Amino acid sequence: MQKRLEQLPKLAQEALKENKKYFANLKKRTPKNLDYVMQDLHDKEFAKTDCLECGNCCKTTSPIFTVKDIERISKHLKMKVTDFIEQYLERDTDDFMVLKSSPCTFLDESDNSCFIYDVRPKACAEYPHTDRRKFIQITDLTIANTFVCPATYNIVENLKNVMPYEYKEKKRRK
């Protein structure tokens with residue numbers, strides 16, 4: 001897995017231009033069954049992927065913490081909301097509440113488990129969002145996640161095989 005994680009940024013970078021073009025074209029003519037196809041690809045990938053072997057999302061990125069997330073986690077940790085925010089969170093440039101540090105404070109790096117798994121943020125529970133309804137609305141996020149999550153990279157590559165975009169040659173007038 002470590003070797004795969006080391007290769008992932010290069011692989012994602014090499015596929016970036018193609019992925020952007022692919023999703024731009026998919027947005028122009030979104031197949032009605034796209035969400036079902038994505039759900040199937042997601043399920044197949046995660047049937048063979050163990051996130052505990054990787055944990056790269058927890059090591060390199062921060063989820064967005066909603067007000068409900070903050071209240072739920074604070075209660076679980078027996079902390080005041082203000083103390084939790086002060087100790088663990090900050091506002092990012094988009095005005096979202098995110099972790100102050102990376103890797104995630106709640107990650108046990110010895111086995112990639114999460115200390116607050118049962119009350120983790122919604123963004124963590126839904127990551128990498130490849131099985132989300134109205135998937136076409138989050139293609140930019142998905143492309144960004146191909147740099148972090150090997151499963152997301154595989155799902156996007158499989159999607160391009162399952163739903164290839166037919167590039168039409170431009171006809172030139174004589």
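Over the ring of which residue does the charged end of Arg120 sit?

## Basis of the model

This is a predicted model, in which local features need pLDDT of at least 70 and side-chain atom pairs count only at pLDDT 80 or more, while totals for chains, interfaces and linings use all residues. Residues are numbered from 1 along each chain as its sequence is written, and side-chain values use heavy atoms, with hydrogens and water left out.

## Aromatic rings

The charged end of Arg120 sits over the ring of Tyr117, 3.8 Å from the ring centre. A charge sits over a ring if NZ of Lys or CZ of Arg is within 6 Å of the ring centre and within 35 degrees of the ring normal.

Rings of Phe, Tyr and Trp (its six-membered ring) pair if their centres lie within 6.5 Å; planes under 30 degrees apart count as stacked, over 60 as edge-to-face and the rest as tilted. The count by this rule is six aromatic pairs. In one of them, the ring centres of Tyr88 and Phe106 are 4.9 Å apart and the planes stand at 50°, so the pair is tilted. This pair links distant parts of the chain, 18 residues apart: Tyr88 lies in helix H5 (residues 81–88), and Phe106 in the loop between strand E2 (97–99) and strand E3 (107–108). Helices (H or I, at least four residues) and strands (E, at least two) are DSSP runs, numbered from the N terminus. Tyr88 and Phe106 are both buried, meaning under 20% relative accessible area, with exposed over 50% and partly exposed in between (1.4 Å probe, protein chains only). Together with Phe65 and Phe84, Tyr88 and Phe106 form one aromatic cluster.

## Packing of helix H8

The axes of helix H1 (residues 2–28) and H8 come within 10 Å and cross at roughly 40°. Axes are lines fitted to C-alpha atoms, for helices over the stretch in contact, and angles run from 0 to 180 degrees between N-to-C directions. H1 is thus oblique to H8; angles under 35 degrees count as roughly parallel, over 145 as roughly antiparallel, 65 to 115 as roughly perpendicular and the rest as oblique.

Helix H2 (residues 34–48) and H8 also have axes that come within 10 Å, crossing at roughly 130°, and are therefore oblique to each other. Contact (heavy atoms within 4.5 Å) involves Leu34, Val37 and Met38 among the residues of H2, and Ala151, Asn154 and Ile155 among those of H8.

## Lys160

Lys160 belongs to helix H8 (residues 150–162) and, at 9% relative accessibility, counts as buried. Not counting residues up to four places away in sequence, Lys160 touches Ala15, Glu18, Asn19 and Tyr22.
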